[in-house]
Amino acid sequence: QLGHFDALTQLPNRHLFEQTLREAIVRGRRDGTYVGVLFLDLDGFKEINDAYGHDVGDCVLKEVSKRLVDCLGPVALAIGRPGGDEFVFALPVDAHGRFRRDIETVMRAVRQPFMVPPRTLHLAASLGLAMFPEDGLAHDDLLKHADLAMYSAKSAGRNVLVQFDHALNAELAERMALRRDLREALAAGQI
């Protein structure tokens with residue numbers, strides 16, 4: 001149980017989520033279907049933990065996991081909590097738009113107030129989306145790209161969904177090269 005499930009939320013942990021995602025990708029390849037992988041990070045969660053303590057934060061995380069399961073239930077190919085205030089889920093992508101409606105439902109559910117007596121707490125979610133097969137063929141690429149898109153959503157003002165774009169990879173590579181160049185310049189006494 002502890003090897004595959006998050007002890008706090010009882011959702012699959014990163015290991016089990018990745019295993020389930022790999023299986024969904026195999027089915028997608030076989031059936032010619034698309035899979036959307038989403039990384040969700042709670043906006044404002046750190047402030048709740050800092051202000052009210054980890055017990056209150058844990059109550060919020062449990063409620064978020066419950067809301068995810070309630071919203072996505074049997075539709076999701078996988079739902080998991082890799083750690084912290086991050087959640088991941090995979091959805092089948094359909095031509096009728098249900099996929100997008102399911103994501104909007106999740107975002108609305110997270111924006112609903114959280115009751116942790118005597119407090120009413122408000123959060124939102126930043127989401128990053130990567131699609132199989134266009135954004136990656138392997139589970140680790142899809143997770144990395146969804147995570148990168150989520151960080152872009154945070155930078156874009158939070159409470160938004162950002163779909164992965166290969167330009168995000170170029171931006172990341174540019175930032176890492178700049179950091180490397182700055183470290184080298186500092187070490188060489190050029191700054």
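**Reading the terms off the model**

Biologist: Why does Arg-158 count as partly exposed?

Modeller: Its relative accessibility is 39%. Buried means under 20% relative accessible area and exposed means over 50%, with partly exposed in between (1.4 Å probe, protein chains only). Arg-158 therefore falls in the middle class. This is a predicted model, in which local features need pLDDT of at least 70, side-chain atom pairs count only at pLDDT 80 or more, and totals for chains, interfaces and linings use all residues. Residues are numbered from 1 along each chain as its sequence is written, and side-chain values use heavy atoms, leaving out hydrogens and water.

Biologist: What is the phi of Arg-158, and where is its place?

Modeller: Its phi is near 70 degrees, a positive value in a residue other than glycine. Arg-158 sits in the loop between helix 5 and strand 7 (161-163). Helices (H or I, at least four residues) and strands (E, at least two) are DSSP runs, numbered from the N terminus.

Biologist: Why does Gln-10 count as partly exposed?

Modeller: Gln-10 has 43% relative accessibility, so it counts as partly exposed. Gln-10 also has a positive phi, about 65 degrees, although it is not a glycine. Its place is in the segment before helix 1 (14-31).

Biologist: What makes these phi values worth a remark?

Modeller: Most residues other than glycine have a negative phi, and most peptide bonds are trans.

Biologist: How do you know what helix 3 should span?

Modeller: The expected span is 1.5 Å times one less than the number of residues. Helix 3 (residues 54-72) has 19 residues, so it should span 27 Å; its end C-alpha atoms are 26 Å apart, which agrees. Gly-73 follows helix 3 and has a positive phi, near 30 degrees.

Biologist: Which residues of helix 3 are buried?

Modeller: Among them are Val-56, Val-60, Val-64 and Leu-68.

Biologist: What radius of gyration would a compact globule have with 191 residues?

Modeller: The rule, taken over C-alpha atoms, is 2.2 Å times the number of residues to the power 0.38. A compact globule would therefore be near 16 Å, and the protein chain has 18 Å, which agrees. Of its 191 residues, 43% count as buried.
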